[in-house]
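Subject: Structure for you to look over

Hello,

Here is the structure I promised to pass on. Please open it first, then read the notes below.

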Amino acid sequence: MLVADHPPNGETKAVPQQDGGFAGEDFSLAGRGEGDDEQREKEGPTGLNKLGSSSTAEMQPKAAEAPDSGGSKLMPPASVMTRLILIMVWRKLIRNPNTYSSLIGLTWSLVAFRWHVEMPKIIKQSISILSDAGLGMAMFSLGLFMALQPKLIACGNSVATFAMAVRFLTGPAVMAAASIAVGLRGTLLHVAIVQAALPQGIVPFVFAKEYNVHPAILSTAVIFGMLIALPITLVYYILLGL
């Protein structure tokens with residue numbers, strides 16, 4: 001039997017009597033704990049089996065999907081890749097204003113040479129101003145690009161040496177072969193070889209920077225080509241007897 005005890009703070013708590021009223025409750029709690037342990041031991045293997053079956057079921061679809069995902073990443077044939085590259089290059093060319101300006105300039109040169117047509121002076125001077133401004137901006141872009149590089153030779157010493165060899169050795173050799181193939185001989189052949197040994201122009205760097213195709217190599221070729229072009233051109237001039 002429980003008797004309500006009223007402490008001074010107004011709380012009510014149960015006071016056990018001498019007849020051991022809590023003994024049965026303790027015994028019942030103890031019995032309930034033992035029953036829970038037995039039930040957990042019985043359910044333990046079942047829970048592990050459920051976990052194992054669920055993990056196996058999750059892994060099986062992934063294993064089944066693996067061949068499909070690998071098969072979907074196969075590359076298309078070489079002909080399809082070539083066609084896609086050509087289409088992409090064509091789209092880049094038709095969107096580039098330099099393509100239209102080159103075609104218009106070539107057409108005008110042919111027309112002016114054939115029918116002796118003179119370009120109006122105002123148009124000629126305007127084109128000259130635009131040409132000078134474009135060259136200055138290209139040089140400024142080259143200097144800014146070189147200044148932002150972590151080292152002076154941005155592409156590395158070996159690549160820079162290879163680029164210089166291609167420009168000043170392979171270039172004149174290719175020009176000599178092409179000139180001989182079209183019938184140039186004598187002084188014209190020598191002049192063509194010397195012109196092929198001149199330094200790299202700025203326009204290739206502009207295109208390389210625009211399309212992000214090895215701009216470091218082109219910038220190094222332009223800068224160092226200007227520095228070593230004079231002695232190399234003099235050597236070609238002396239060897240060819242001009």
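**Loops around the helices**

Asn 212 sits in the loop that links helix 7 to helix 8 (215-239). Helices here are DSSP runs of H or I with at least four residues, strands are runs of E with at least two, and both are numbered from the N terminus. The phi of Asn 212 is positive, about 55 degrees, although the residue is not a glycine. Asn 212 counts as exposed, with 62% relative accessibility. The cut-offs are these: buried is under 20% relative accessible area, exposed is over 50%, and partly exposed is in between, with a 1.4 Å probe and protein chains only.

His 116 also has a positive phi without being a glycine; its value is near 55 degrees. His 116 lies in the loop between helix 3 (97-115) and helix 4. Its relative accessible area is 67%, so His 116 is exposed.

**What kind of model this is**

This is a predicted model, in which local features need pLDDT of at least 70, side-chain atom pairs count only at pLDDT 80 or more, and totals for chains, interfaces and linings use all residues. Residues are numbered from 1 along each chain as its sequence is written, and side-chain values use heavy atoms, with hydrogens and water left out.

**The chain as a whole**

The chain has eight helices and two strands. Read from the N terminus, the order is β-β-α-α-α-α-α-α-α-α. The chain has 242 residues, and 15% of them count as buried.

Now the contacts, meaning heavy atoms within 4.5 Å. Take those between residues at least 6 apart in sequence: 60% join residues at least 24 apart.

**Helix pairs**

Two packed helices are described by the angle between their axes and the distance between the axes. Axes are lines fitted to C-alpha atoms, for helices over the stretch in contact, and angles run from 0 to 180 degrees between N-to-C directions.

*Helix 7 and helix 8.* Their axes come within 8 Å and cross at roughly 160 degrees. The two are therefore roughly antiparallel. For angles, under 35 degrees counts as roughly parallel, over 145 as roughly antiparallel, 65 to 115 as roughly perpendicular, and the rest as oblique. The crossing of helix 7 with helix 8 is left-handed. That term applies if the near helix is turned anticlockwise from the far one by less than a right angle; clockwise gives right-handed. Helix 7 brings Pro 204, Phe 205, Ala 208 and Lys 209 to the contact, and helix 8 brings Pro 215, Leu 218 and Ser 219. By class, that is five nonpolar, one polar and one charged. Nonpolar covers Ala, Val, Leu, Ile, Met, Phe, Trp, Tyr, Cys and Pro; charged covers Asp, Glu, Lys and Arg; the others, Gly among them, are polar.

*Helix 4 and helix 7.* Helix 4 (residues 121-147) and helix 7 (residues 203-211) have axes that come within 10 Å and cross at roughly 60 degrees. This pair is therefore oblique. The crossing is left-handed. Helix 4 contributes Ala 138, Ser 141, Leu 142 and Phe 145, while helix 7 contributes Phe 205, Val 206 and Lys 209.

*Helix 5 and helix 8.* The axes of helix 5 (residues 157-182) and helix 8 come within 10 Å and cross at roughly 45 degrees. These two are oblique as well. Their crossing is right-handed. Among the residues that meet are Phe 168 and Leu 169 of helix 5 and Phe 224 and Ile 228 of helix 8. The contact has 14 nonpolar, two polar and no charged residues.

Ile 193 is in helix 6 (residues 187-196). At 10% relative accessibility, Ile 193 is buried. Beyond its neighbours within four places in sequence, Ile 193 contacts Pro 172, Met 175, Ala 176, Tyr 236 and Leu 240.

Leaving out residues up to four places away, Leu 189 touches Ala 176, Ser 179, Ile 180 and Leu 184.

Best wishes
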